[in-house]
Amino acid sequence: MKQSEKLSEECAVFGISSTSDDTAGVVCNSLLALQHRGQEGAGLAVSCGRRILCVKNTGLVSEVLTPAVVQRLPACRAAIGHCRYSTTGSNTRENVQPFVTEYLTGRLATAHNGNIVNAATLRDVLRGAGVEFGATSDTEVISSLIAYETVKAGSPVLGAARAARQLRGAFCLVILTSDERVIAIRDPNGFRPLCIGENETGTVVASESCALASQGYRFVRDVAPGEMVVLQDGKLVSSEMIFRDRVDTGLCIFEFVYFARTDSVIDGLSVYEARVNMGRMLAREYPVDADIVCGIPDSGMEAALGYSLESGIPMVPGFVKNKYIGRSFIFPTQRQRETAVKMKLNPLAATLSGKRVILVDDSLVRGTTSAKIIQSVRDAGATEVHMRISSPPFTHTCHFGTDVDREDSLIANQMDLEGIRRHIGADSLGYISIAGLKSACEGCRLHFCTGCFTGKYPVDPGLANKQELD
């Protein structure tokens with residue numbers, strides 16, 4: 001478990017079938033647009049001439065998929081890519097995706113966004129059938145299961161469908177075959193987003209719509225929960241609901257709070273509009289007399305705007321963010337990491353001094369970062385600091401791809417609201433209610449999973465443990 005105040009999402013997937021042979025470059029650029037979903041590892045696989053070639057490693061997309069690396073790959077018309085944040089399986093090169101799996105008559109590559117709660121059971125079954133494993137990722141289990149079912153079914157499309165029906169939990173899959181097909185599957189609950197885009201040269205699938213426009217693709221539609229689509233020769237050649245029941249109850253509501261990029265649209269709802277609505281709802285639920293509203297960059301900005309619009313209190317910039325500080329975890333000592341965090345976000349005394357300030361952020365997990373930010377705002381001269389959070393208190397573990405881990409580490413399970421307020425040093429504290437959050441997101445076509453706030457999950461996680469494959 002990474003002891004960070006911000007939660008992290010597991011990863012992003014992208015797949016392309018094209019009549020052009022520049023698919024590796026398109027995947028690389030699209031992963032850059034999806035980098036916010038995972039910064040620990042990146043990779044891509046290409047298919048041509050009955051071969052599948054894969055490049056992957058730990059690090060950012062720009063560090064792993066450099067121009068020199070991409071240029072060495074053969075020109076291919078089908079490819080998939082992935083950037084990773086580890087929840088199941090440690091952050092090693094062996095666990096970076098895509099996974100390439102060989103079987104009797106071919107190869108396939110698999111990339112996955114989500115978390116499979118029955119991965120350990122499936123791995124044991126496959127081991128009993130003679131399958132060997134070299135990593136500790138649930139995606140390796142998925143890829144091996146698809147290959148195993150492909151051999152029995154005689155077709156990777158049938159094999160993928162049969163394998164998907166055995167998975168329990170959250171999964172958006174992109175699968176690359178050695179005959180240049182891309183197969184994409186979204187779990188029947190729709191825990192994680194997945195959409196389709198197209199242009200005159202090809203068709204793509206992506207975790208978020210923000211990856212489409214930058215590469216010249218038009219948004220077509222979302223992949224429906226429980227749907228499998230197949231891309232070939234630059235077109236969507238088939239789509240099928242492969243689960244008996246389409247549930248439509250499980251989209252992670254935190255996608256709209258924090259994970260997704262602001263310019264994405266997920267299952268009919270603009271992420272930007274949802275976040276502004278959250279701020280408006282916060283202003284209704286927790287009004288306070290103050291002089292200015294400030295969003296904590298980057299994830300609190302749209303909710304702060306909504307709070308300002310609803311309350312009539314002006315929104316002003318409260319911080320200067322240094323865009324050139326690298327990831328804090330690359331610094332070798334804790335003191336250096338803490339210094340790097342301070343360097344990333346500096347309060348703007350010119351707007352804060354002498355003011356009663358409302359600070360808006362997306363979440364409060366352990367309280368350590370919030371306390372430091374509030375103290376820095378006071379040091380800049382603010383006379384009052386009121387904290388508003390655009391998500392409810394986290395009280396339960398997430399089993400479906402978010403790193404809400406040990407429940408005893410969550411501040412909402414350690415203190416009541418007044419205790420948290422004192423701990424972070426705010427003059428007042430307000431979290432959006434679960435009802436208020438759902439109301440802010442009511443334009444979405446799907447129902448939501450709010451298990452991290454309520455402990456009620458649309459899929460029974462059983463005894464699943466995120467580290468059980470380690």
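Predicted model: local features only at pLDDT ≥ 70, side-chain atom pairs only at ≥ 80, totals over all residues.
Author: Local features need pLDDT of at least 70 and side-chain atom pairs 80 or more, while totals for chains, interfaces and linings use all residues. Residues are numbered from 1 along each chain as its sequence is written, and side-chain values use heavy atoms, without hydrogens and water.

Reader: What makes Arg165 and Val459 lining residues of the second largest pocket?

Author: A pocket is an open set of points on a 1 Å grid over the protein atoms alone, where a 1.4 Å probe fits, with protein on both sides within 12 Å along at least five of seven lines; a lining residue has an atom within 4 Å of a point. Arg165 and Val459 are among the residues that line this pocket, so each has an atom within 4 Å of one of its points. About 180 Å³ of space lies in the pocket, a volume being the space filled by probe spheres set on the points.

Reader: Why do β17 and β22 count as edges of the sheet?

Author: Strands are DSSP runs of E, at least two residues long, and two of them pair if DSSP finds at least two bridges between them. The order is β17-β20-β21-β22, in an open parallel sheet. β17 (292–295) and β22 (428–431) each have a single partner strand, so one side of each lacks a neighbour in the sheet.

Reader: How do you know that β20 and β21 pair?

Author: Six bridges join β20 (residues 356–361) to β21 (residues 384–389), and the definition asks for at least two, so the strands pair. Val357 stands opposite Val385 in β21.

Note on methods. Helix = DSSP H or I, 4+ residues; strand = E, 2+ residues; numbered from the N terminus.
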